[in-house]
Every structure is written in C-alpha cells, then in structure tokens.
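Hello,

Here is the structure I promised to pass on to you. Have a look at it first, and then read my notes below with the model open beside them.

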Amino acid sequence: MYKCENCGAVFDEPEHLFEDRGEGMYESRCGCPACGEAFDEAYFCDSCGGYCLSDELCCGLCADCAEAQYDEERALEFLAPRELELYDFVSNHTERISVCYYVSFMEFFWDSEMKSGMAEILYSDFKQQLSLKKLMGISTSHESEALREFCLYDIFSWTQFAAKCIKKSASALRGEK
C-alpha cells in the first residue's frame, strides 16, 4: 500500500504519468492516482487500522491513536521516570512559587542526586495538589492542560509509552505477566 504525501490518499499502485516537456519530449514518472503528487509506502496502525507514512507512525501507533491513549493517570506515570523533564515541568507548574524560585536559583549548585530528590518531592507535591483540588471541587484545568501539553509535546516519546501501555493492557487481559 502507498499513501500520498500531498492529499493523503491510500492506494495499491501508483499511476504512471507522462508530462509533456515540449518538442516531443515526455517525462515518465509515478504519482498519486488522485492528485499526481509524491507518495511513499504506507504502514498500518495497529490500533485504528489506518494507513500512515513512516514519519506518522511509531511503535505501531499513529499520532492520533497515541493521543487518544492520553489520560491524567497515564500522564503522571509517563512523567515519573523522566527526572530532568519532570523537574522542569513540576517546578514550573507547582503553586509553591517560593520553593520553585529557590530551586531555580540553587540548581546550578546542586549535584544530580539532590536535583533528583527535589524532583521527586515536587512531583509528589504536584500529584497531591491535583488530588486535593479535585477532592475539594476546585478546577484543575490549568494543571491538567499543562500536563497534557507536556506529555504530547514530544509525541514520539508519548507514542512509545502509549504503545507499551496498550501491550501491557492486552497482556493483562490475556492473563500474561
């Protein structure tokens, strides 16, 4: 299968096109049957069954399917092992602004172990603030949107993570470890 890079059409075989170059000269090339433009091999998305170009697919998932796997619980799970990214995210989205300024000021003097420890503290604090606000009925839309934006910013990493989650869920349904 092939997919057009221009119009997105999916087709089995490209069309052979002949362009008149003048003075009896013709150029032969292959193109999309719908629009005549460039195409590339299409790959199958394991989740939705759609066809994608190679740069639209990662770990068997298209970007749309990977994004559909997003939920806040997964986002927090995705964020947890990424110490430096986690540190930057949480220090920018926590309400303890004075702590964040102190952390930002001091980060050049800290070794990686101290920074890792502070990231864990800020991460726990962020999760607790989110849970507490939800429990109290206070809007968490700002925090939730920031978390979603952070996770989906690097769609390649998120897609890899989402694919692992899907495989883990499928294994759990089958009773595998």
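**What I found**

Among contacts in the chain between residues at least 6 apart in sequence, 54% join residues at least 24 apart. Please keep in mind as you read that this is a predicted model. The chain has 177 residues, and 36% of them count as buried. Its secondary structure consists of 7 helices and 9 strands.

**The strands**

Let me start with the open sheet. Three strands form it, in the order β2-β1-β5, and their pairing is antiparallel. At the edges sit β2 (10-11) and β5 (39-41), each of which pairs on one side only. Strand β1 covers residues 2-4 and is joined to β5 over 3 bridges in the antiparallel sense. If you want a place to look, find Cys4, which stands opposite Phe39 in β5.

Strand β3 (residues 15-22) and strand β4 (residues 25-31) are paired in the antiparallel sense over 7 bridges. You can follow the pairing from His16, whose bridge partner in β4 is Cys30, to Gly22, which stands opposite Met25 in β4. The hairpin of β3 and β4 has 2 residues between the strands.

Which residue in the hairpin of β3 and β4 takes a positive phi? That residue is Glu23, with a phi near 50 degrees. Glu23 is found in the loop between β3 and β4, and this positive phi occurs although Glu23 is not a glycine. Most residues other than glycine have a negative phi. Is Glu23 buried or exposed? Its relative accessibility is 85%, so Glu23 counts as exposed, the cut-off for that being over 50%.

Cys59 is another residue to check. Its phi is near 55 degrees, again a positive value in a residue other than glycine. Cys59 lies in the loop between β8 (57-58) and β9 (61-62). With a relative accessibility of 39%, Cys59 counts as partly exposed.

**How α2 packs on α6 and α7**

Helix α2 (residues 72-79) takes part in two helix contacts that I would like to show you, one with α6 and one with α7.

Take α6 to begin with. The axes of helix α2 and helix α6 (residues 141-153) come within 10 Å and cross at roughly 55 degrees. An angle from 35 to 65 degrees falls between the roughly parallel and roughly perpendicular ranges, so α2 and α6 are oblique to each other. Their crossing is left-handed. On the α2 side, the contact is made by Glu72, Ala75, Leu76, Phe78 and Leu79, and on the α6 side by Ser144, Leu147, Phe150 and Cys151. By type, the residues of this contact of α2 with α6 divide into 7 nonpolar, 1 polar and 1 charged.

Now for α7, which spans residues 155-174. How do α2 and α7 lie relative to each other? They pack at an angle of about 115 degrees, with their axes 11 Å apart, and α2 and α7 are therefore roughly perpendicular to each other. Here α2 passes α7 in a right-handed crossing. From α2, the contact uses Arg74, Ala75, Glu77 and Phe78; from α7, it uses Ser157, Trp158, Phe161, Cys165, Lys168 and Ser169. The residues of the contact of α2 with α7 divide into 5 nonpolar, 2 polar and 3 charged.

**One last stop: Ile155**

Ile155 is found in helix α7. At 30% relative accessibility, Ile155 counts as partly exposed. Which distance separates the C-alpha atoms of Ile155 and Ala66? They are separated by 7.9 Å, while the two residues are 89 residues apart along the chain.

Enjoy exploring the model, and do write back with any questions.

Best wishes

Technical notes
Residues numbered from 1 in each chain as written. Predicted model: local features only at pLDDT ≥ 70, side-chain atom pairs only at ≥ 80, totals over all residues. Heavy atoms only, no water. Axes fitted to C-alpha atoms, helices over the stretch in contact; angles between N-to-C directions. Helix = DSSP H or I, 4+ residues; strand = E, 2+ residues; numbered from the N terminus. Parallel < 35°, antiparallel > 145°, perpendicular 65-115°, else oblique. Left-handed = near helix turned anticlockwise from the far one by under 90°. Contact = heavy atoms within 4.5 Å. Nonpolar A, V, L, I, M, F, W, Y, C, P; charged D, E, K, R; others polar. Pairing = 2+ DSSP bridges. Buried < 20%, exposed > 50% of the residue type's maximum accessible area, 1.4 Å probe, protein only.
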